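Q: I would like to learn how to read the features of a protein model, one at a time, with the general idea stated before each case. Could we work through it as a dialogue?

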Amino acid sequence: MAEGKDLLQVLWSGADVLRGKMDANEYKTYLLGLVFYKYLSDSYLSKVYDLLNDGTPDDLEEAQDEYESAMNSDDANDLLEELQESLRYTLDPDMTYISMLRDVKNNSFNREKLQAAFNRIQESDEIFNGLFADVDLYSNRLGTGDQKQSATVAEVIRVLDGADLIHTKGDILGNAYEYLIGQFASETGKKAGEFYTPHGPAQILCRIAMTGQEDKKGLQVYDPCMGSGSLMLSCRNYSSEPEYIKYYGQELMPSTYNLARMNMFLHGVLPENQHLRNGDTLDADWPTGEDTEFDVVTMNPPYSANWSAAEGFKQDERFMDYGGKLAPKSKADYAFLLHGFYHLKQTGTMAIVLPHGVLFRGAAEGTIRQILLENGSIYAVIGLPSNMFYNTSIPTCIIVLKKHREGRDVLFIDASKQFVKEKKQNVMQDEHIDHVVELYNNRQSVDKEACLASYDDIVKNDFNLNIPRYVDTTEEEPEIDIKALTQSIRDTDKEIKEGNEALLSMMRELTFDSDETRDAVANLISVLEGM
């Protein structure tokens, strides 16, 4: 049984089959899609066995055999109805992963069967609609021609046989999936910004957003730029009622949206607690129905992205209360921030990662920032180390926002030195994360690390929130001891003179084969004697 590290190794070895045939941004879709298919298939057979025998099978081969027998019985329709009701999908016996694996071992695998299984799952319930759309089993990237393409898929199926996705405990499977996503982010570099927030910033952001809301049952979490959903799912780690959390997320890229949906299932999130949408967050507001305000808002939007900034947005409820100003066309940072803030409950907390420019840029952004500060909406600003994210090396910051709080002070934290260097990236380890969260919770000024700035301090700085204006991290030059320096110079001078004398003494004892060499050395001795 593969657990923990073993599971990671099995899953990651599936990538080795595909590596070299295509880049990581493409093969992540195949591997993560096939892992998810195996999870659904194995869960299905396990449920079949449970319904038939009231227990968990020792192995899925046994469950497969029992399912095939049951489907030939008079009770087959009743079994399928119960499976559809409880799991929201059904699979024919020859559509299961175990059936595919048997074909692989017999060298009779046919990808048509796998495609049929994908189609069945997608058509079983709206929540699975289009889920495998990106897993193109007919792509030339898998090889040239039917035989090679099928062979590549078959090899991934064979490798994944080592991953026991049914007996893994707790969040091991979900965490393994997160690990895979992180590994792909590392390999894909610039494109990774679409779907992954590194561990350190993610944990800080989620712990802060969850502070004071850990025991709330039925917590509602919202991420309008959700990527793989990892930020929202990280909030589970800090909740005492994680199974009751409702997730609301939107994602622009269809393939990343599908990845988030898979990630939710693999973390054991019930379908009724998943409210995910494929769409453009800034273009049209969402959600606009019953639930529009949330306890926790987490965001890592694309930095300084382009958006339309059309005049009509000045009448949009998300953006209309900020002096008639909109985020600039070439920098949508404040558009994302205001969208998220609009959807925050009066009692909630929002945390967003943005580039430092939002702290000090002027014009429309300066006006929006000033109004937020006048309203007491900005609660804290945390400067992160540079080179933390896969898609940019620039330093970023976390801005924490709250609604209708008492006071307008702002806590500034300089966490730019809280990291270790690993390969290409800077990484925040647990002690760094804990330290930043401790500074946040204490909400006090700490020399060279944190400053609790009053509203008057911020007004004096013309509403500029650049962290060095508040947290002075400069180191004083040590005082020079003139007396000791003088003595050091004397000692050095003495050593030079003694060295010269020793050199002259040796040179005077030299003998020469030619007058020319003797004259040259004599000239050098006279120069040294004059020093």
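Q: How many salt bridges does the structure hold?

A: A salt bridge here is a side-chain nitrogen of Lys or Arg within 4 Å of a carboxyl oxygen of Asp or Glu, and by that criterion the structure holds 22 salt bridges. This is a predicted model, in which local features need pLDDT of at least 70 and side-chain atom pairs count only at pLDDT 80 or more, whereas totals for chains, interfaces and linings use all residues. Residues are numbered from 1 along each chain as its sequence is written, and side-chain values use heavy atoms, with hydrogens and water left out.

Q: Which parts does the salt bridge between R88 and E272 tie together?

A: The closest N and O atoms of R88 and E272 are 3.9 Å apart. Because R88 lies in the loop between helix 4 and helix 5 (97-105), and E272 in the loop between helix 11 (254-266) and strand 3 (274-278), the pair ties together parts that are 184 residues apart in sequence. Helices (H or I, at least four residues) and strands (E, at least two) are DSSP runs, numbered from the N terminus.

Q: Where do R361 and D333 lie, and are they buried or exposed?

A: Buried means under 20% relative accessible area, exposed over 50%, and partly exposed in between, with a 1.4 Å probe and protein chains only. The side chains of R361 and D333 meet in a salt bridge with an N to O distance of 2.8 Å. R361 lies in the loop between helix 13 (357-360) and helix 14 (363-374), and D333 in helix 12 (residues 333-342), so the pair ties together parts that are 28 residues apart in sequence. R361 is buried because its relative accessible area is 17%, and D333 is buried because its value is 0%.

Q: Which residues are linked in a network of salt bridges?

A: E61, D65, E68 and R102 are linked in such a network.

Q: Which strands pair with strand 4?

A: Two strands pair if DSSP finds at least two bridges between them. Strand 1 (residues 220-223) pairs with strand 4 in the parallel sense over 2 bridges, and strand 5 (residues 344-355) pairs with strand 4, also in the parallel sense, over 5 bridges. V296 in strand 4 is the bridge partner of V221, and V296 also stands opposite T349 in strand 5. Strand 4 (residues 294-299) is mostly covered, with 6 of its 6 residues buried.

Q: Which residues form the negative surface patch, and why does E85 count as exposed?

A: Patches are made of residues with over 30% relative accessible area and no salt bridge, where like charges are joined within 9 Å and nonpolar side chains (Val, Leu, Ile, Met, Phe, Trp, Tyr) within 5 Å. Asp and Glu count as negative, and the place of a charge is taken as CG of Asp or CD of Glu. The negative patch is formed by D74, D75, D78, E81, E82 and E85. E85 is placed in helix 4 (residues 76-87), and E85 counts as exposed because its relative accessibility is 69%.

Q: Which residues form the nonpolar patch on the surface?

A: I480, I482, L485 and I489 form the nonpolar patch, with about 430 Å² of accessible area together, where areas come from the Shrake-Rupley method with a 1.4 Å probe and, for residues, only the protein chains shown count as cover. I489 lies in helix 17 (residues 482-508), and I489 counts as exposed because its relative accessibility is 53%.
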